[in-house]
Amino acid sequence: MEYWILFGTFVFLLLIGTPIAFCLGVSSFATIAYLGLPPVVVFQRLNSGVSIFALMAIPFFIFAGNLMVRGDIARRLVALAGAAVGHFRGGLGQVNILASVLFGGISGSAAADASAIGGLMVPQMKERGYDADYAVNITVVSSIIALMLPPSHNLIIYSIAGGGRISIADLFTAGIIPGLVLALSLMVAAWLVARKRGYPLEPFPGMRAVGTLLLSATPGLVLVAIIFGGVRSGVFTASESSCIAVVYAMFAIFFLYRTMDFEQFRLAVSDAVRTTAMVLMVIGCAAAFGWLLAFLRIPTQLVEFMRDLSDSPIVILLLINVLLLILGSFMDMSPLIVITTPIFLPVAMEFNVDPVQFGIILVLNLGIGLCTPPVGTVLFVGCAVGKMPVWDVVRTIWPFYIAGIFTLMLVTYIPALSLWLPSLFH
Amino acid sequence: NAAETMLRSSDTHPDGYPTVEAVKYMGKLLEEKTDGRLGVEVFHSAQLGEEKDTIEQTQFGVIDFNRVSLGPFNNIIEETKIPSLPYIFRSIDHMHKVMDGLIGEDILKAFEAHDLVGLAFYDAGARSFYNSEKPIKSMDDLKGMKFRVMQSDVFVKMVDALGANATPMPYGEVYSSIQTGVIDGAENNWPSFESSGHFEVAPYYTLDQHLIVPEVLVMSKKSWDKLSAEDQAAVREAAKESVPHMRKLWADREAASEAKVKKAGVNIVTDIDKTPFIEAMKPVYEEFVTSDKLKDLVERIQATE
Amino acid sequence: MTTFFLILTRVMAVLARIALALSGIGLVLMTAFIAWQVFGRFVLNDTPTWTESVSVLIMGWFIFLGAAVGIREGYHLSFDVFLYLLPDRVKRVLHTVSDIVVVAFGAGMIGYGIQLAEATWSTTIPNVGWSGATAFLALICGGVLLVLFSLERLARRAAGLVTARFGEVELPDEDR
Ligand code: NA
Ligand code: NA
């Protein structure tokens, strides 16, 4: 009965449009009350769930991303990417992807990436004869790259959801190759679609122009180097690097570029607060929900159930992936990481999957979910910046879904893709 | 899972860890003593939360048992500060003598005022310093080095009093922080030094045994009051009887970790003169041993042979 | 709009603005504290031990205050696909149910937050020395705002005024 109350209340509230955070919180509340236990636990879990030092990276990275967009750092990175690969087939599509590689390395948020790069690229692409659906498709799916490249706050959430014992530095390093493989697969897909539709080529602006743009984008690139190099060289920890990203972004904007006034700064701060509160409230309420899952022994039962289904790691991983893809098409990423990690990580580890590799699988899988209907934050952001109805975008997006799922399968079945790079640091 | 009522117990350590196994063993004893009426189910790996949170949950009566370190109690129950002081115990044997005797009983009784019933003390070995730089043989060697400590007043004050630099940091970041030089080292017991892999990046271990802090098994007062006097006695007995079993498991685990670490070629310093370390703790004792009650406890512990 | 709604909207808008401003100051302070922690360890070779605990407390403030403002401005994520299929009249009823549920949760944040604060009153936060109850103040204040903003939504909807919803309706600028 308690299962029905927990999941029934959750689904009911979800369907009537209650914010996801409160769906999680209220269904936990109802279940605890039904069990006759003191409901105070729900609020203790909520409070403890957001009082974790490592979570601080989320507001910092979101804040840094906002500063970069409002302070013109993001636009300069796009301009650099445009000069570098604009002369390839479907050039601006490739630029869009490359920009995600560069910007994703800083923002670590797919929604931030889609809004920042989409806002710049989609109008440019339409202007130069690309179809709007193509521009939005690429913007949406390529923003998953941001989730894979360091710093990815979703990998931090995963590390915490996994009990805080999975090295964040390892997860960050592990995401690099899969992120680049994803970028490559998407570039191939973009090229194929562009060839079929006969999109124009951009002239190569010459090394001189690339050099000038490189110079103009250098402070942005330095930010990437600072975050990653800072963690790896031992100046600061992963959580601290996010704070340094903010401090550096402020420094670049106020002293190097001088592109921001106080009003813009105030807006960047309040936007960051809004996004952070939205994301972390979900995480806090999911902590209460997750506590009940553990208390009712649901993860243990699921592990036993899957063990009965098959003893082949290949089949189990496929099952997990399919289940996650389905869940991901309905729900948003951070609550799903918090909810599913305690359930699936023990299963995966039971079948000798490294927790670091599993983190990359999880984030890539749920990242694809961000781009799919019915609930896909990144898809909605893409539609908003491209001013297009969801259905028109989704109709032609499948080559990019295929590229994403192809990468997912590679990452799932070739552990070395994720584990080789971190092993170099051990 | 044969008992009619399965009581819930929380533990932050993973399945198979000596504390987890000891509570399972305690549950088995309880089942025998109550003819299958009561049993214990251990929620390991911090499934129900970190120690600070599960202590509150135990007080609220959501969890029945909890196996916790004494550290998180320091800011709640005054008496628990004393066994958590650096160099208060001369050796593990000394700690056993104190906690198994009247002093231990007095400390267990102090839990009652906080909606908890103190049942037994378990072992957690001795914590010592390890680092990536050099063998530490005297206090001079510690000067200016950065050591990760838990978010605890005693730990911070102790490391500072030794002339080193206390750096609170989440446990999960310690490995890469030592590796990259954010910090020079940390401090812990043999099993944690080994299982965390920290010995790979910090190959100098100095057995100064600065902290020999026992762990404690508590029951929720709310759950306790629901039991008959007979069952309460059974719980107390089962808890006490699990202690020798736990100490055996702990000793085995410690020996295995020690062997593994030594095999990896870690440099281990055993022959250090602890006297200057102990003397340096004066300001720490002055700060934490505030009342006459606590002063009396310290004296009684030091007088125990 | 009646005088009642003019006053109500203005009071709530001021509350929301104060909450957002406090949250923003919190974010900037948090940045400063953690930067100071890095500077202390790396340059001064003396790590400040209070920064972690204090920053975590501040984070609680801007999450709970920000989440409450999110109810008013409608920026929380939700699942809207099912609602698209329904007629407006039914939708309004369901939105009302949803707001009532949030009021209940906000009330829980207040009531149980106070209970938690009482239970931890005599404990102290390591390396800061403040009462453990401090950690629950943000939860309680966030709960108060959550209840107020949800009640405002209920009142506005009953009066036929606009309530904000993510990706659908924004609160008119003059009401923000
Ligand atoms: Na993109
Ligand atoms: Na989706």
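Colleague: Which side chain does Glu41(B) meet in a salt bridge?

Modeller: Glu41(B) meets the side chain of Arg297(A), at 2.4 Å from N to O. A salt bridge here is a side-chain nitrogen of Lys or Arg within 4 Å of a carboxyl oxygen of Asp or Glu. Before we go on: this is a predicted model, where local features need pLDDT of at least 70 and side-chain atom pairs count only at pLDDT 80 or more, while totals for chains, interfaces and linings use all residues. Residues are numbered from 1 along each chain as its sequence is written, chains are lettered from A and ligands numbered from 1 in the order in which they are written, and side-chain values use heavy atoms, with hydrogens and water left out.

Colleague: Are Glu41(B) and Arg297(A) buried or exposed?

Modeller: Both Glu41(B) and Arg297(A) are buried. Buried means under 20% relative accessible area, exposed over 50% and partly exposed in between, with a 1.4 Å probe and protein chains only.

Colleague: How many salt bridges over all chains?

Modeller: The search of the whole structure finds 37. Among them, Asp123(B) and Arg247(B) meet at 3.5 Å, N to O. Asp123(B) lies in the loop between strand E4 (116-122) and strand E5 (127-131) of chain B and Arg247(B) in helix H11 (residues 229-263) of chain B, so this pair ties together parts 124 residues apart in sequence. Asp123(B) and Arg247(B) are both buried.

Colleague: Which residues do salt bridges with shared partners join into one network?

Modeller: Arg45(A), Lys52(B), Asp53(B) and Glu56(B). Within that group, Lys52(B) bridges to Glu56(B), with the closest N and O atoms 3.9 Å apart. Lys52(B) and Glu56(B) both sit in helix H2 (residues 51-60) of chain B, four residues apart, about one turn of the helix.

Colleague: Why does Lys52(B) count as exposed?

Modeller: Because its relative accessibility is 52%. Glu56(B), at 7%, counts as buried.

Colleague: New topic. What coordinates the sodium ion (ligand 1)?

Modeller: Asn96(A) through O and OD1, Ser100(A) through OG and Ser142(A) through OG, at 2.2 to 3.1 Å. Donors are N, O and S atoms within 2.8 Å of the metal (3.2 Å for Na, K and Ca); water is not among the atoms, so sites may look incomplete. The spacing of the donors along the chain is N-x3-S-x41-S.

Colleague: Which helix holds Asn96(A) and Ser100(A)?

Modeller: Helix H6 (residues 91-107) of chain A, where Asn96(A) and Ser100(A) are four residues apart, about one turn of the helix. Asn96(A) and Ser100(A) are both buried.

Colleague: And Phe63(A), what is it in contact with?

Modeller: Leaving aside neighbours within four places in sequence, its contacts (heavy atoms within 4.5 Å) include Val246(A), Met250(A) and Phe265(A) of chain A, and Leu27(C) and Thr31(C) of chain C. Phe63(A) lies in helix H4 (residues 57-70) of chain A, and is buried, with a relative accessible area of 0%.

Terms used: Helices (H or I, at least four residues) and strands (E, at least two) are DSSP runs, numbered from the N terminus.
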